Amino acid sequence: TYVVTEACIKCKYMDCVEVCPVDCFYEGENMLAINPEQCIDCGVCEPECPIDAIQPDTREGSEKWVEHNRAYAALWPNIRFGGIAPEDADEWRTVSDKLTQYFS
Ligand code: SF4
Ligand code: F3S
């Protein structure tokens, strides 16, 4: 599977959503999640994200993000169309520790 990671938090550019052939993105208040059971590993969403927030689960340290994506995809609504990024999205591009401080 591919997973959405910390960088997405409060950036949520949404460029990734529409390219997914199986519509497996789910939308939370300030980040998205991929349902690992639905993702077919095509990889087309990865280069769409302008801040490289999407990565394959083969990358080191991905385990916690697989579980994060799995848990929240089960709670959040499915989305098929991209939306508008938050107005202040660019200000969050370089912020670190977003998961512990700003995730909601
Ligand atoms: Fe969708 Fe392909 Fe990205 Fe998986 S890798 S979330 S199937 S676009
Ligand atoms: Fe998030 Fe990147 Fe998609 S910031 S919403 S993973 S385009």
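**Close-up views of the predicted model**

View 1. Once the neighbours within four places in sequence are set aside, the residues in contact with Pro36 are Thr1, Val66, Asn69 and Arg70. This view, like those that follow, shows a predicted model. Pro36 belongs to the loop that runs between β3 and β4, the latter being residues 54-56. Is Pro36 buried, exposed or partly exposed? With 18 other C-beta atoms within 10 Å, Pro36 is partly exposed, because a residue counts as buried at 20 or more such atoms and as exposed at 12 or fewer. Trp76 stands 40 residues from Pro36 in sequence, and the distance between the two in space is 14 Å, taken from C-alpha to C-alpha.

**View 2. The open sheet of three strands.** In the order β3-β2-β5, three strands make up an open sheet with antiparallel pairing. Both β3 (32-34) and β5 (78-79) stand at the edges with a single partner strand each, so one side of each is left without a neighbour in the sheet. Strand β2, which covers residues 25-27, is joined to β3 by three bridges in the antiparallel sense, and Glu27 has Leu32 in β3 as its bridge partner. Helix α1, made of residues 63-73, packs on the sheet and touches β2 and β3, its direction making about 105° with that of β3. As background, the strands of a sheet pair through backbone hydrogen bonds, and the pairing can be either parallel or antiparallel.

**View 3. The shell of residues around ligand 1.** Ligand 1 has 14 residues around it, and those that come nearest are Tyr2, Cys20, Cys39, Cys42 and Cys45. Sorted by class, this shell holds 12 nonpolar residues, one polar residue and one charged residue.

**View 4. The shell of residues around ligand 2.** Which residues are the closest to ligand 2? They are Cys8, Tyr13, Cys16, Cys49 and Ala53, out of the 14 residues that surround ligand 2. The shell around ligand 2 consists of 11 nonpolar and three charged residues, with no polar ones.

**View 5. The whole protein, for orientation.** The protein contains two helices and five strands, which follow one another along the sequence in the pattern β-β-β-β-α-β-α. Its radius of gyration is 12 Å, close to the 13 Å given by the globule rule for 104 residues, so the protein is as compact as a globular protein of that length. Along the principal axes, the C-alpha trace spans about 30 × 30 × 25 Å, and buried residues account for 29% of the 104 residues.

How values were computed. Residues are numbered from 1 along each chain as its sequence is written. Chains are lettered from A and ligands numbered from 1 in the order in which they are written. This is a predicted model: local features need pLDDT of at least 70, side-chain atom pairs count only at pLDDT 80 or more; totals for chains, interfaces and linings use all residues. A residue is near a molecule or strand if its C-beta atom, placed from the backbone, lies within 6 Å of it. Ala, Val, Leu, Ile, Met, Phe, Trp, Tyr, Cys and Pro count as nonpolar, Asp, Glu, Lys and Arg as charged, and the others, Gly among them, as polar. Helices (H or I, at least four residues) and strands (E, at least two) are DSSP runs, numbered from the N terminus. The radius of gyration is taken over C-alpha atoms; the globule rule is 2.2 Å times the number of residues to the power 0.38. Two strands pair if DSSP finds at least two bridges between them. Two residues are in contact if their C-beta atoms, placed from the backbone, lie within 7 Å. Axes are lines fitted to C-alpha atoms, for helices over the stretch in contact, and angles run from 0 to 180 degrees between N-to-C directions.
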